[in-house]
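Please examine the model shown here, with attention to one helix residue and to the surroundings of the ligand.

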Amino acid sequence: MPTKTPITVAHGDGIGPEIMAATLQILEASGAALDIETIEIGEKVYLRGNSSGIEPSSWASLLRTKVFLKAPITTPQGGGFKSLNVTTRKTLGQYANVRPCVSYHPFIDTKHPGMDVVIVRENEEDLYAGIEYQLTPEVTAGIKIISRPGTEKIVRYAFEYARLHNRKKVTCFAKDNIMKVTDGLFHKVFNETAAKYPDIQNEFWIVDIGAAKMADSPEAFDVIVMPNLYGDILSDVAAQIAGSVGLAGSANIGEACAMFEAIHGSAPRRAGQNLANPSGLLLGAVLMLVHINQPEAAEQVHNAWLRTIEDGVHTYDIFTEGVSTKKVGTREFAAAVIERMGQKPNTLKPVAYARRPAAAPLAALTVSSSAMELKGIDVFVYWPSRDPNALAAAVGKLAGEGLSLQMIDNRGVKVWPAGMAETFCTDSFRCRFLADGQAEMGRLIGLLQRIHEAGIPIAMTETLRTFDGQPGFTLAQGQ
Ligand code: NAD
């Protein structure tokens, strides 16, 4: 008898308990060796006053087992309730979201019969860091964080995933033609990492045209890795065009704990009627079995499920007259999968999962150190009269001490010197001050003090530095 792997299970809300019961039955029939701890999450926990939907004591279970199989939950209506997924992801450092998007043609309707794409989405950074400000009555801003270690972790995960699953190519989507510093770093780290995996092809697409290509010819892609926001949007697009939104599972991977679930919600209107399709959660559980290195059980479950789909045994949500042979409920679907344990599909491609070799530890992440030199400061000010020339006159004379006003922009477009009268201006302007050589922080602070004393409200400041001689900031448009 193999050693059982401890996992934490939560049955969730709505259809959650029914699809979890079906999933666990199938896992048991597959011979998966699991030692299950159960925790309560979701609506009842929220309504007991835990704003994240999880009891503090449940974290101990997650940290002990490091593996979480989670049914969907209902987030109560009204304010003050935090998303449990976001809390889990952030608290447990789940840096990778993995979503296989596969079409099951001709058994499930899709325009893309050959689609078999895995989206690997960075999960912790980007605009999702949630660092946002209202600068002035008219203008808000959010800070997009892309770090070297964060990017190294996700890109390396994508290549390791490709290697383990015998996939041939990893594609990166980003927008570094516009976001030269942030997406520029993502692209650079992708190139550096790709060079360490010569056995796997790599390619890069600007996200807009890449997304269009993916929506049109998804069979041209294999594994796609991308920053958080693009990944959030495009993983839904990919699941939708595969025709399998209701069937897709997903994994959130982190060192402290990995979480596996269906991508759909708790479908409260379908709850308690033996109607729901357990496939999304079951395929989430297959990802979990691979993660805990039980590939034999993963393969058995996945192939039996494919065979069930192929035999036309379908729940109401995927039932199609002429294609499906039998409309079943949640329990009957689970029984049909169990009945087919050990069988493989005939038309659909069977899956094969390999045991992961005792992994050679990955090389440490790059420790970055660069020679940093302070060059100046960007000062965002509130200037409701909107006249950039008057603002230049007012702040330009406050520079001094080796600093000079170099330019003023509005929403990234240069408006002084030599701005265009046609440029639309809001009430928030950025004034860039640069030093002749190296700037001194004390002098920059002195400048801020003088701007403040002149009665000009400062909304935000950003220091300007070079790193190994390269500017760590972009120029304004028109500069
Ligand atoms: P939903 O995914 O629950 O339902 C959308 C539609 O798909 C409904 O018509 C539903 O009946 C159907 N559906 C979903 N899963 C199904 C299944 N397994 N079998 C058959 N039909 C299925 O989305 P929603 O209605 O927008 O959200 C309902 C609740 O779920 C909300 O409280 C939301 O916050 C929550 N939610 C939770 C998660 C999660 O826990 N990961 C994710 C998304 C939504």
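The paragraphs below treat the residue and then the ligand.

This is a predicted model, in which local features need pLDDT of at least 70, side-chain atom pairs count only at pLDDT 80 or more, and totals for chains, interfaces and linings use all residues. Residues are numbered from 1 along each chain as its sequence is written, and side-chain values use heavy atoms, with hydrogens and water left out.

Thr330 belongs to helix H11, which spans residues 330–339; helices are DSSP runs (H or I) of at least four residues, numbered from the N terminus. Thr330 counts as buried because its relative accessibility is 2%, buried meaning under 20% relative accessible area with a 1.4 Å probe and protein chains only. Leaving aside residues up to four places away in sequence, Thr330 touches Glu18, Ile19, Ala22, Asn274, Leu275, Ala276 and Pro278, where contact means heavy atoms within 4.5 Å. With Ala276, a polar atom of the Thr330 side chain lies 2.7 Å from the backbone oxygen.

Around the ligand there are 18 residues, of which Gly265, Ser266, Ala267, Asn277 and Tyr316 come nearest; a residue is near if one of its heavy atoms lies within 4 Å. By class, this shell has seven nonpolar, seven polar and four charged residues. An oxygen atom of the ligand lies 3.0 Å from a backbone N or O atom of Ile73, and an oxygen atom of the ligand is 3.4 Å from a polar backbone atom of Thr75. A nitrogen atom of the ligand lies 3.3 Å from a polar side-chain atom of Glu261. Of the 810 Å² of accessible area that the ligand has on its own, the protein covers 64%, with areas from the Shrake-Rupley method and a 1.4 Å probe.

Methods: Helix = DSSP H or I, 4+ residues; strand = E, 2+ residues; numbered from the N terminus. Buried < 20%, exposed > 50% of the residue type's maximum accessible area, 1.4 Å probe, protein only. Polar contact = N/O pair within 3.5 Å; in protein donor to acceptor, adjacent residues only side chain to side chain. Nonpolar A, V, L, I, M, F, W, Y, C, P; charged D, E, K, R; others polar.
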